[in-house]
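Subject: Handover of a structure

Dear colleague,

Please find the structure below, together with its sequence. My notes on what was found in it follow, and I would ask you to read them with the structure open beside you.

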Amino acid sequence: MKKFFTSLCVVLFAVVSLFTFTACGNELIESSNSTIGVYSNGGTSVISGGYLYFVNGTKANDGKVNTFNNVIQGGIYRLPVDANNNIKDGTSLNNAELVVSSLVGFDKGSIFVFGDYIYFATPSIQKNQSGEVLYGLTAFYRKNINGGNPELMYTTAKSADTIDYTYYPVGDNSLYLVIYEKEGAVLKSIRMGKNVKDAQVIASGIKGYIFPDETQKTGNNAYIYYTTTADIASSYDGVNAYKVKPSNTDKVLIGTGKEYSLLTIRGENLFYSVKEGENTIIHISDLSKNLDISTDIVISYKSYDKILFLADGSIIYSDETVESKPVVMYLKWENSVLTSYKVYEGKTTFIGVTSKNDTGYLVFVDSSDSSINSIDYTTSDKTLRENIEVTLLSDDAFVETKGNMTTEIIGNYVYGFVEKAVGTSTTKKVYMYRVSLDANKKEVDKKEVLIGAEFIGKVE
């Protein structure tokens with residue numbers, strides 16, 4: 001959901017590791033950055049090559065748990081999937097195959113697949129001259145999914161709680177790691193693969209930024225979008241909005257003179273807000289154009305803390321301005337016609353949206369009991385909406401996670417972390433679970449009961 005060393009060659013850390021360390025001058029085999037067949041890149045779960053790769057739970061990063069080749073809870077495992085990206089029927093859910101035995105299940109961990117490699121972040125195991133493990137730093141590795149040892153590609157120089165990052169594939173083989181450093185408000189990029197270079201500064205004084213979420217970043221999705229304070233020498237107020245490629249080329253000024261806040265990108269649409277007096281107005285712009293509040297479509301004349309932006313330009317938002325009666329609303333402007341209606345009543349946390357038989361469903365957590373539910377959000381007829389029922393998917397609550405450890409919808413399941421005792425153990429631990437979007441049931445004592453959250457992975 002972190003600064004770098006200016007030169008890895010001058011680092012004086014003593015490194016004790018079974019892994020291949022990549023520093024200046026060392027070479028990695030340059031690999032394809034293809035994402036063909038890859039689904040849901042980034043985050044905690046990725047589909048690639050007929051497998052679901054996932055983070056097997058989370059642990060607190062305290063400098064003691066990241067013992068390489070000895071991590072189960074928080075490592076990366078995989079299970080085979082079918083053509084619909086669901087775990088194959090008959091597969092033992094609690095006997096997954098180990099892929100990476102490092103702590104990836106922490107707030108800055110995430111997994112990506114490009115070509116034959118899985119890329120992941122983990123707390124550093126480097127030590128300083130006093131022998132202290134520098135676990136506050138984040139180390140970026142890759143590993144061939146067909147076997148072999150992980151290869152260290154880059155290590156940050158500041159604490160892990162100050163970075164955000166993603167990967168940008170460029171051309172056939174180039175892959176860039178792009179990182180935002182909160183301390184110093186700097187965007188940097190590093191070209192992965194052969195001859196890993198030092199980080200180059202894309203921009204500093206960052207006010208806001210967004211990374212496109214497309215798996216294969218091409219066209220206008222191949223850019224980093226960000227804002228900085230307007231040039232003091234200019235007569236403009238507000239911020240400057242730019243787009244630039246991760247190679248730090250093709251920089252374009254796409255907006256200036258307004259208090260732009262970049263919100264997200266969905267497909268070829270950029271959502272942004274502009275402060276106008278006391279109001280915050282949300283617009284949608286085509287990525288191929290510059291920002292223009294006089295022509296860009298207005299999505300909403302008010303901003304909310306919880307908003308889901310959909311690819312067709314519509315939004316789902318939670319209006320909690322009346323604390324005693326929070327509601328979830330659907331809103332869309334099309335050809336100057338507003339469509340708006342209530343989807344659900346109650347305080348919620350959004351997980352995402354999915355579709356089945358041409359009907360869209362909102363998947364969410366009801367804050368009153370932490371249950372996981374779904375509801376049709378596309379039926380607009382008022383009479384029909386009165387009869388739409390909420391589907392309970394699970395009574396088991398997903399734990400609140402930070403950073404990149406997000407709950408995800410893949411295939412016909414929701415994947416997230418649950419804290420409970422597994423198997424014969426009485427100790428509660430946080431592991432990966434799945435919840436069926438069909439609210440599957442099973443027979444217990446001749447009664448049908450909701451299956452709810454199912455453990456997948458491997459127990460320590």
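Tyr 119 has a relative accessibility of 3% and therefore counts as buried; here buried means under 20% relative accessible area, exposed means over 50%, and partly exposed lies in between (1.4 Å probe, protein chains only). Phe 114 is also buried, at 1%.

Residues are numbered from 1 along each chain as its sequence is written, and side-chain values use heavy atoms, with hydrogens and water left out.

**Confidence**

The protein chain has a mean pLDDT (the predictor's confidence in each residue, from 0 to 100) of 86, and 90% of its residues reach 70 or more. Residues 1-26 have a pLDDT below 50, and this stretch has 84 contacts in the model beyond near neighbours in sequence; contact means heavy atoms within 4.5 Å. Where pLDDT is low, predicted coordinates should not be read in detail.

**Aromatic rings and charges**

The whole structure contains 22 aromatic pairs. In Phe 114 and Tyr 119 the ring centres are 5.7 Å apart and the planes stand at 75 degrees, so this pair is edge-to-face. Tyr 413 and Tyr 415 form a tilted pair, with 6.4 Å from centre to centre and 50 degrees between the planes. For these terms, rings of Phe, Tyr and Trp (its six-membered ring) pair if their centres lie within 6.5 Å; planes under 30 degrees apart are stacked, over 60 edge-to-face, and the rest tilted. Tyr 413 and Tyr 415 are both buried. Phe 114 and Tyr 119 also belong to one aromatic cluster with Phe 112 and Tyr 167.

Two charged side chains deserve a look as well. Arg 78 lies over the face of Tyr 51, 3.7 Å from the ring centre, and the charged end of Lys 243 sits over the ring of Tyr 223, at 4.6 Å from its centre. A charge sits over a ring if NZ of Lys or CZ of Arg is within 6 Å of the ring centre and within 35 degrees of the ring normal.

**The nonpolar core**

Which residues touch the most other members of the largest nonpolar core? They are Leu 52, Phe 54, Ile 76, Ile 111, Ile 118, Tyr 415 and Ile 456, in a core of 35 residues. Strand E3 (residues 51-55) gives this core its largest share, four residues. A nonpolar core is a set of buried Ala, Val, Leu, Ile, Met, Phe, Trp, Tyr and Cys residues joined through side-chain atoms within 4.5 Å. Strands (E, at least two residues) and helices (H or I, at least four) are DSSP runs, numbered from the N terminus. In soluble globular proteins, nonpolar side chains tend to be buried together.

**A hairpin**

Strands E22 (residues 306-309) and E23 (residues 315-319) pair in the antiparallel sense over four bridges; two strands pair if DSSP finds at least two bridges between them. Phe 309 stands opposite Ile 315 in E23. The two strands form a hairpin with five residues between them, and Gly 313 in the turn has a positive phi of about 95 degrees.

Ser 285, in strand E20 (residues 279-286), is buried at 2% relative accessible area. Apart from neighbours within four places in sequence, its contacts include Glu 268, Tyr 272 and Asp 296.

Glu 278 lies in the loop between strand E19 (269-276) and E20 and counts as exposed, at 76%. Its C-alpha atom is separated by 9.8 Å from that of Lys 302, 24 residues apart along the chain.

Ser 40 has a positive phi of about 65 degrees although it is not a glycine, and it lies in the loop between strands E1 (20-21) and E2 (45-48). Asn 248 likewise has a positive phi of about 65 degrees without being a glycine. Ser 40 is buried, at 18%, whereas Asn 248 is partly exposed, at 33%.

With kind regards

Definitions and conventions:
Predicted model: local features only at pLDDT ≥ 70, side-chain atom pairs only at ≥ 80, totals over all residues.
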